[in-house]
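Please read this briefing alongside the sequence and the coordinates.

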Amino acid sequence: MSAASSLPRWVDLGLIPLLNLAAAFLIAGLVVVGIGEDPLEATRVLLYGALGWGEGIGFTLYYATNFIFTGLAVAVAFHAGLFNIGGEGQAYVGGLGVAAACLTLDRIFPWWAVFPLAALGAAAVGAGWAFIPAWLQAKRGSHVVITTIMFNFIAASLMIWLLVDVLSPPGSMSPETRTFAEGGRAPRLTGFMGLFGVRIGSAPLNVSLLMALAMAVAVWALIWRTRLGYEIRTFGANPTAAIYAGVSPVRITLVAMGVSGALAGMMALNSVMGEQNRLIFEFVGGAGFVGIAVALMGRAHPLGVVLAAILFGILYQGGAELAFEKPAITRDMIVMIQGLVILFAGALEFLFRPALARLFAPRAIRTA
Amino acid sequence: MFEALILVLDSTLRLATPLLFAALAGLYSERAGVFDIGLEGKMLAAAFAGAVVSFWTGSIPAALLAAVLTSVGFALIHGFACITARGNQIVSGVAINFLAAGLTAVLGHAWFAQGGKTPSLPREGRLLGMDLPLAETLRDAPLLGQVWSVLISGHNALVYFAFALAPITWWVLWRTRFGLRLRAVGENPAAVDTAGLSVPWLRYKAVICCGVLCGFAGAYLSMAQSAGFIPNMSAGKGFIALAALIFAKWRPMQAMAACLLFGFLDAGAIRLQGVDLPLIGGVPPQAVQAAPYVLTVVLLAGFIGKAIPPKAGGAPYVKER
């Protein structure tokens with residue numbers, strides 16, 4: 001990232017992400033042309049489906065809530081120089097924390113008493129699931145990328161077993177818990193969105209969105225306004241220098257991965273307590289992996305993560321509408337765009353940089 | 001009992017074959033210093049290309065070629081991102097996986113309108129089992145007859161090719177000049193550079209080898225194991241192969257053993273369903289499914305030997321200026 005200093009901030013934080021996104025959409029557009037559809041028409045349907053009507057906006061923000069949690073999770077680990085690919089598994093087991101709180105308390109307490117406990121439960125289980133790879137990385141030197149991938153698969157097997165053999169109520173054949181009573185249901189933001197004149201209808205947008213936004217602020221404060229955050233960033237930028245300055249690599253690895261896992265785990269709030277009101281099979285549905293694209297796109301900054309999460313919310317909701325309107329284009333198009341965004345914003349992040357540096361460097365020097 | 005064992009071992013060979021291709025593919029790439037968690041995506045893309053061309057032409061060579069070329073194409077995207085653009089190898093691998101998963105489903109749906117599947121492949125477009133000499137005559141012979149005619153005979157060509165590739169890979173990497181250079185570029189690229197060899201070109205060659213082998217792995221899935229492409233049919237096999245590669249500590253013959261072990265667990269899991277084992281009782285099939293991943297984590301943690309990856313793996317090579 002040494003070349004970054006020679007570019008003006010608006011180019012580095014604004015133009016480069018936009019160029020990366022444009023490249024991703026250009027290729028996606030070519031694929032749309034390739035299967036004989038009109039990409040401009042497809043874009044129009046997609047945008048209208050996501051933003052053109054109240055329920056669409058509700059769904060867009062519902063998906064965005066998931067991606068804010070998982071995006072922040074990946075971003076926090078990035079700052080410590082760690083790549084947490086395990087968000088999918090951490091969110092999945094995080095559902096156990098939510099379900100534990102809801103199943104025991106939903107008939108006794110109202111939702112506002114259960115919600116914080118469910119959040120704590122989700123965060124604790126998610127952090128716990130991330131703790132093992134973190135400990136293995138810190139103490140035994142096992143590469144956290146590989147172990148978190150393995151833990152995604154282990155989580156999937158564990159959850160199938162729990163849902164089928166342990167958690168599903170007697171006599172039920174479906175792999176899910178019982179439906180929570182009133183106390184286990186996070187309220188929808190129907191009235192809140194109504195204040196802005198948006199009628200979200202049956203969209204499952206719920207208070208978890210506010211929780212996600214609060215977490216974005218909390219992550220910003222942690223990373224840029226605390227001593228711990230400074231240590232995390234130092235360790236991520238230069239582990240050797242950080243250790244020389246007295247930062248404990250074991251502590252930072254454990255803390256950063258713990259926070260990351262907790263954030264990923266809290267994604268379960270939105271889906272389990274906010275939408276399904278029960279713990280179901282594979283409720284995460286890839287949101288943990290979307291978090292990687294969101295964190296890369298948002299340059300690991302909470303504000304960028306929120307914006308990128310909304311962008312992916314638009315793609316997910318708009319993609320569903322597009323698949324409905326244009327049967328030739330399936331929702332898998334969104335998975336492809338996700339891959340392209342990760343490729344251009346992540347792996348090829350240096351692609352446009354040298355050319356832009358030549359273009360803007362003289363001006364940057366003049367203003368400096 | 002003996003026949004049941006033979007049958008489990010027989011399906012072990014079939015299940016281990018795609019893992020072995022993918023694990024050896026990863027071996028070439030990672031030994032040259034390019035980490036590849038995109039094995040899964042390349043397999044999937046190859047499976048799709050193979051099935052599509054096989055359905056259109058009914059020609060196995062054309063389908064295999066398409067599978068291999070598609071996989072090499074994806075491998076070159078990974079190579080360009082990691083070697084030329086000096087991007088993050090993990091991020092690029094993740095991108096390849098999503099790109100392949102999305103693109104195959106989108107194109108499959110647009111071309112065949114069967115929810116992303118290709119139509120069932122015609123018989124002449126599939127890789128069918130072939131009987132080895134004497135398979136029929138020896139079938140009734142005690143013990144060895146069964147081993148020869150059921151376990152060893154009757155597989156398709158790719159199965160034999162995969163198991164031949166393990167020693168071939170060992171020979172290429174440890175007994176040829178190309179192999180020595182490939183391993184050197186994964187351990188100490190600066191030394192290779194000093195010797196006057198091109199680090200990027202060597203790494204590109206390794207990445208192409210990886211693409212070719214992932215192409216066979218994918219073709220096996222859609223043209224041998226199944227009779228057509230199904231969206232996301234690789235179903236984590238690329239990651240099990242990656243686990244096998246690590247489990248084998250990046251060595252070809254050990255990778256073959258690891259793939260056989262993981263294939264055996266997979267074959268056993270299907271048979272163990274609802275069976276009470278002595279002492280343990282019923283084992284949930286999920287526990288057996290998770291076993292390769294758990295074993296790999298335990299190995300990585302250094303509790304059974306230590307898995308040390310190639311030293312220069314994961315880092316782009318920057319020439320001194």
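This is a predicted model: local features need pLDDT of at least 70, side-chain atom pairs count only at pLDDT 80 or more; totals for chains, interfaces and linings use all residues.

**Interface and salt bridges**

Between chain B and chain A the count of salt bridges is 0.

**The contact between the chains**

- The contact draws 41 residues from chain B and 38 residues from chain A, and the count of residue pairs in polar contact between the two chains, both at pLDDT 80 or more, is 2.
- On the side of chain B that touches chain A, the elements giving two or more residues are helix 3 (60-84), helix 4 (89-112), helix 11 (237-247) and helix 13 (285-300) of chain B.
- Helix 4 of chain B gives the most to this side, with 15 residues.
- Sorted by class, the side of chain B that touches chain A has 29 nonpolar, 10 polar and 2 charged residues.

**Helix 14 of chain A**

- Helix 14 of chain A (residues 332-347) has 16 residues and, at 1.5 Å a residue, should span 22 Å, which agrees with the 21 Å between its end C-alpha atoms.
- Of the 16 residues of helix 14 of chain A, 14 are buried, so this helix is largely enclosed by the rest of the structure.

**Salt bridges within chain A**

- Over all chains the structure holds 9 salt bridges, and a network of them links A:Glu37, A:Glu41, A:Arg44 and A:Lys326.
- An α-helix has 3.6 residues a turn, so residues three or four places apart point the same way.
- A:Glu41 counts as partly exposed because its relative accessibility is 27%.
- Elsewhere in the chain, the side chains of A:Glu176 and A:Arg278 meet in a salt bridge at 2.7 Å, N to O.
- Since A:Glu176 lies in the loop between helix 6 (144-167) and helix 7 (190-195) of chain A, and A:Arg278 in the loop between helix 11 (249-276) and helix 12 (287-297) of chain A, the pair ties together parts that are 102 residues apart in sequence.

**A salt bridge within chain B**

- The side chains of B:Glu187 and B:Arg31 meet in a salt bridge at 4.0 Å, N to O.
- B:Glu187 lies in helix 8 (residues 177-187) of chain B and B:Arg31 in helix 1 (residues 2-31) of chain B, so this pair ties together parts that are 156 residues apart in sequence.
- B:Glu187 counts as partly exposed at 33% relative accessibility, whereas B:Arg31 is buried, with a relative accessible area of 13%.

How values were computed. Residues are numbered from 1 along each chain as its sequence is written. Chains are lettered from A and ligands numbered from 1 in the order in which they are written. Side-chain values use heavy atoms; hydrogens and water are left out. Contact means heavy atoms within 4.5 Å. A polar contact is a pair of N or O atoms within 3.5 Å; within protein, one must be able to donate a hydrogen and the other to accept it, and residues adjacent in sequence count only if both atoms are side-chain atoms. Helices (H or I, at least four residues) and strands (E, at least two) are DSSP runs, numbered from the N terminus. Ala, Val, Leu, Ile, Met, Phe, Trp, Tyr, Cys and Pro count as nonpolar, Asp, Glu, Lys and Arg as charged, and the others, Gly among them, as polar. The expected span of a helix is 1.5 Å times one less than its number of residues. Buried means under 20% relative accessible area, exposed over 50%, partly exposed in between (1.4 Å probe, protein chains only).
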